[in-house]
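Subject: Handover of the three-chain model

Dear colleague,

Please find below the structure that I am passing on to you. My notes on what was found in it follow directly after.

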Amino acid sequence: MKRVYVNEQWCLGCRLCEYHCAFANSKESDMVKALKDKKIHPNIRVESKGNINFAVSCRHCEDPLCVRGCITGALQRVNGLITVDKDRCVHCYTCIVCCPYGAISPSEDGAIQKCELCIKNNNGIPACVKGCINQAIVYEER
Amino acid sequence: MILREGDVRIPSGCAISGIIDKSRKRFSGEEIIKSIAVMRERGNGLGGGFAGYGIYPEYKDYYAFHIFYDNAEIKKQCEVFMDEHFDIINLSKIPTKKMSEIKDEPLIWRYFVTPHPTKLKASQLDEREFVAKSVFKINTRINGAYVFSSGKNMGVFKAVGHPADVGRFYKLDEYEGHCFTAHGRYPTNTPGWWGGAHPFALLDYSVVHNGEISSYDANRRCIEMYGYKCTLQTDTEVITYIFDYLHRKKSLSFKEIAAVIAAPFWKTIENYPYEEKEKAEYLRNIFASLLITGPFSILVGHQNGLVALNDRLKLRPMVVAEKGSRVYVASEESAIRIIEPTLDRIWAPKGGEAVVINATEDK
Amino acid sequence: MNYIYPEYEVVRNYARCITCRACENQCSNMVHCYVECESRMESKDDNCVNCHRCVTICPTRALKIVKSTHTFRENANWTGKTINEIYKQAQSGGVLLSSMGNPENYPIYFDKILINASQVTNPSIDPLREPMETRVFLGCKSHKITRDGGGKIIPKTTPQLDLSVPIMFSAMSYGSISYNAHESLAKASEQLGIYYNTGEGGLHEDFYKYSKNTIVQVASGRFGVHKDYLNTAAAIEIKMGQGAKPGIGGHLPGTKIVGAVSRTRMIPEGSDAISPAPHHDIYSIEDLRQLVYSLKEATDYKKPVIVKIAAVHNITSIASGIARSGADIIAIDGFRGGTGAAPTKIRDNVGIPIELALASVDKRLRDEGIRDSVSLVVGGSIRSSSDVVKAIALGADCVYIGSAALIAMGCHLCRSCQSGKCNWGIATQAPELVKRLNPAIAHQRLVNLVIAWEHEIKEMMGGMGINSIESLKGNRLMLRGIGLNEKELSILGIYHAGE
């Protein structure tokens with residue numbers, strides 16, 4: 001299955017992926033309208049220390065702890081992709097505690113949010129991958 | 001003022017024809033006139049000419065110089081030069097026939113000569129190089145004199161006019177040879193000068209050519225480095241020098257020359273067997289600047305035969321035919337059928353594929 | 001007191017700025033900063049070199065850089081640029097330094113030359129339908145034909161370079177440009193079947209795998225030169241001069257001589273790498289000949305030797321001397337050629353245009369009958385496929401591109417290479433900047449550029465009815481001058497348009 005991978009060697013820590021992610025999930029057609037004067041809640045986050053930068057998002061694990069921990073079945077593994085059914089989420093945040101990568105976070109409406117490889121916003125290629133200026137984030141089969 | 005060849009580059013379309021008897025059996029020049037006359041439509045009456053081989057058997061050991069002079073004064077000047085460098089065995093006006101179709105004729109003279117032995121020795125050149133150098137000297141230094149034929153036992157006859165008229169003007173039917181080539185010219189402006197007509201010749205190499213080569217200046221600038229002077233700015237002149245250089249000076253065979261001037265494409269070479277590939281690559285590499293691009297079909301006459309060659313894309317027509325010991329080459333099949341309706345074989349050679357016709361050894 | 005007013009102004013469209021701070025993150029010159037209390041971005045125009053890194057990455061196109069309209073009192077003699085230079089020197093007491101090629105308003109002859117095309121008498125050739133060849137060999141062509149006993153030609157030549165298209169990447173040293181820039185050039189050359197040039201910085205051990213496509217340079221500092229370096233290469237270039245700074249050596253400051261750069265150059269970390277102005281073993285042409293042959297001896301006569309010179313006034317006799325020195329290839333660098341750093345006044349005032357140098361050298365070598373014994377490679381500056389076509393028609397065998405290659409990789413010609421703070425990861429050794437140039441992207445952009453040019457070259461050749469590039473070489477009838485005077489036309493060896 002194709003996943004989003006990050007090559008630390010090329011990640012510049014510019015955080016543009018975070019903004020592209022937030023924009024892609026905003027349902028707006030203009031980035032300025034979507035993000036201007038707003039605090040963003042992206043599903044990918046750049047961790048930086050010194051000269052090392054790494055963008056982190058859901059790994060779509062083979063045996064996902066978040067799915068196992070989900071008490072309502074809001075998180076499901078479908079064809080390898082881990083998706084969220086927000087209507088089923090009861091905001092217990094067990095998944096957030098379970099995820100070893102910190103890739104799940106609460107959204108503004110309280111339900112959890114995570115990277116779903118942009119399948120729900122019709123981007124085809126995940127927005128973070130498309131927007132990465134140094135091809136550090138790639139979407140590929142490994 | 002209308003500019004002469006040499007002052008301006010004049011592209012032209014053309015007709016070419018050639019006949020050779022491989023057994024060196026001689027035949028009348030009338031046949032080649034008949035052949036080229038059929039392709040009258042391919043020329044526009046602004047240039048025609050012939051080369052005949054084996055036409056001077058009685059003088060076959062002497063270089064036959066055919067020279068145009070603008071006037072008698074220049075002739076005198078040129079003859080002083082000739083006297084200095086050559087022993088002149090025989091000289092005469094080239095016989096012509098007055099006719100209304102051929103106008104503005106210059107003085108046309110013929111000399112049978114052999115290099116002055118002491119001059120030749122002092123020059124430290126081989127005999128043919130000495131003769132070629134002398135031809136260049138006359139053509140570049142004596143303004144108004146132009147040597148248009150300088151080989152042994154061969155001669156070029158050319159003028160401004162339709163080739164059939166030019167043939168009659170020079171009484172070509174009265175010559176017999178074992179090989180003739182002919183040319184009808186369609187220049188794209190009006191040349192006022194006879195020297196620009198084809199064939200173009202140096203020593204016994206003569207070239208008739210149909211086409212306009214796009215590599216002209218690359219070829220010219222390359223060949224001029226080896227001592228040639230392109231005074232006419234015509235493709236034919238440069239092609240003649242390339243043949244002379246590669247054949248006489250570099251001792252390449254005519255097939256090898258074809259692999260230089262109409263080289264196979266790299267893609268074709270790639271598929272050659274190893275040895276052939278190496279050779280083809282080598283020839284293309286070291287003679288890169290002698291590759292000729294753009295359309296051409298050429299007939300190169302020389303003392304041992306005739307070579308017919310098309311450009312690598314075959315952008316000009318050319319057919320070859322055989323009948324007995326005779327081989328015919330022409331721009332159009334009709335020009336062959338008119339003189340030999342029943343042929344043993346007729347074919348159109350591929351682009352870049354040299355047809356090398358050797359006559360039997362000259363005894 | 002700082003007399004210099006910033007040359008550029010950063011214009012931020014606050015209506016579009018989403019304060020993502022990418023500009024701040026990516027500017028090594030610290031132009032942008034985030035003002036926490038106001039939640040907005042600010043910029044310090046003084047620091048801006050107009051490299052467009054921020055402009056390019058800004059996701060909402062909220063940025064642009066404009067030339068400041070701030071002006072001195074108008075004066076044709078004392079221009080703002082001249083006055084500023086005096087301020088700078090009065091303040092620092094130093095030599096003015098600049099990067100990239102001569103930016104001054106001298107004639108660009110390539111832009112005053114037009115190319116021919118076929119009509120009627122000669123068919124143009126469609127490169128999409130017919131073969132169109134751009135392969136060239138570089139090296140000595142003047143060979144005596146030898147045959148074996150059976151009369152077969154022995155196809156043996158002196159060593160040659162074999163290129164799919166007559167374009168090479170010119171010398172840019174590891175040190176002046178980054179590891180990733182070198183890797184991009186090397187990879188692209190391999191993929192394209194052409195060559196790149198190490199410049200005078202040695203060859204990093206990681207790049208020996210590209211040696212089939214590598215020309216190694218031997219320059220006056222001899223940095224990084226050793227036996228394996230010479231023997232691994234496809235060709236060896238002796239650098240006598242550079243178009244951007246003829247007669248001047250080079251100076252890579254110790255701050256850039258770190259880690260692998262120091263190891264590759266074979267000099268201690270932190271020491272300045274100073275290339276002397278002349279080679280101290282070459283004070284005349286006979287000495288050059290000795291170096292040419294020492295290098296040939298060292299490599300068993302298996303590598304072509306290139307001698308690179310800057311285009312200067314007596315270029316024709318220099319080239320003629322080199323052609324007789326045993327060199328296989330002469331590379332000439334015009335006065336617009338680039339540099340990582342050069343004294344500004346040298347860059348802007350020394351040397352001659354490559355078009356004139358090329359035309360004169362090609363003619364001179366032909367007049368002397370020795371054009372065959374060397375190939376001619378020209379650079380400085382070749383900017384487009386039409387420049388390539390014109391250079392070849394004037395007489396070059398091949399061109400070198402440097403600046404164009406850098407631009408393809410992302411260089412925005414801000415001409416601040418000497419600062420070492422290249423925001424595009426090209427002219428820098430700072431690891432956090434170097435990593436901005438991902439060779440996976442950059443090498444592909446180089447490949448794309450050369451392929452695009454190749455297509456255009458083929459189209460132009462086809463238009464002229466030429467289907468192999470060797471028939472274009474020196475084919476000056478295919479060129480016409482426009483708006484040039486008699487002297488210029490005669491040096492270029494071309495007619496005026498309409499003639």
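Helices (H or I, at least four residues) and strands (E, at least two) are DSSP runs numbered from the N terminus. Two residues are in contact if their C-beta atoms, placed from the backbone, lie within 7 Å.

Please note that this is a predicted model, in which local features need pLDDT of at least 70 and side-chain atom pairs count only at pLDDT 80 or more, while totals for chains, interfaces and linings use all residues. Residues are numbered from 1 along each chain as its sequence is written, and chains are lettered from A and ligands numbered from 1 in the order in which they are written.

The sheet of chain C

Two strands pair if DSSP finds at least two bridges between them. Strand 12 (residues 235–239) of chain C pairs with strand 15 (residues 305–310) of chain C in the parallel sense, over 4 bridges. Within strand 15 of chain C, C:V305 is the bridge partner of C:I236.

The domains of chain C

Chain C is divided into domain 1 (8–94) and domain 2 (136–496); these bounds come from an automatic or database domain assignment. The centres of the two domains of chain C, taken over C-alpha atoms, are 35 Å apart. In the contact between them, 9 residues of domain 1 of chain C meet 7 residues of domain 2 of chain C. The side of domain 1 of chain C that touches domain 2 of chain C has 3 nonpolar, 5 polar and 1 charged residues. In this classification Ala, Val, Leu, Ile, Met, Phe, Trp, Tyr, Cys and Pro count as nonpolar, Asp, Glu, Lys and Arg as charged, and the others, Gly among them, as polar.

How the chains meet

Of the 2 pairs of chains that touch, chains B and C have the most contacts. That contact takes 33 residues from chain C and 30 residues from chain B. On the side of chain C that touches chain B, 11 residues are nonpolar, 13 polar and 9 charged.

The contact between chains C and A takes 16 residues from chain C and 18 residues from chain A. On chain C, helix 1 (22–26), helix 13 (431–434) and helix 14 (439–464) each supply at least two residues of the side that touches chain A. Helix 1 of chain C gives the most to that side, with 3 residues. By class, the side of chain C that touches chain A has 8 nonpolar, 4 polar and 4 charged residues. Chain A and chain B do not touch, and their nearest C-alpha atoms are 37 Å apart.

Chain B

Chain B has 11 helices and 18 strands. Its C-alpha atoms fill a box of roughly 60 × 50 × 50 Å along the principal axes. Buried residues make up 55% of the 363 residues in chain B; a residue is buried if 20 or more other C-beta atoms lie within 10 Å of its own, exposed if 12 or fewer, and partly exposed in between, with C-beta atoms placed from the backbone.

B:K158 is in strand 8 (residues 154–159) of chain B, and B:K158 counts as buried because it has 31 C-beta neighbours inside 10 Å. Beyond its neighbours within four places in sequence, B:K158 is in contact with residues including B:G48, B:F148, B:W194 and B:P199. The C-alpha atoms of B:K158 and B:P199 are separated by 7.2 Å, although these residues are 41 residues apart along the chain.

Chain A

Chain A has 5 helices and 8 strands, and 38% of its 142 residues count as buried.

With kind regards
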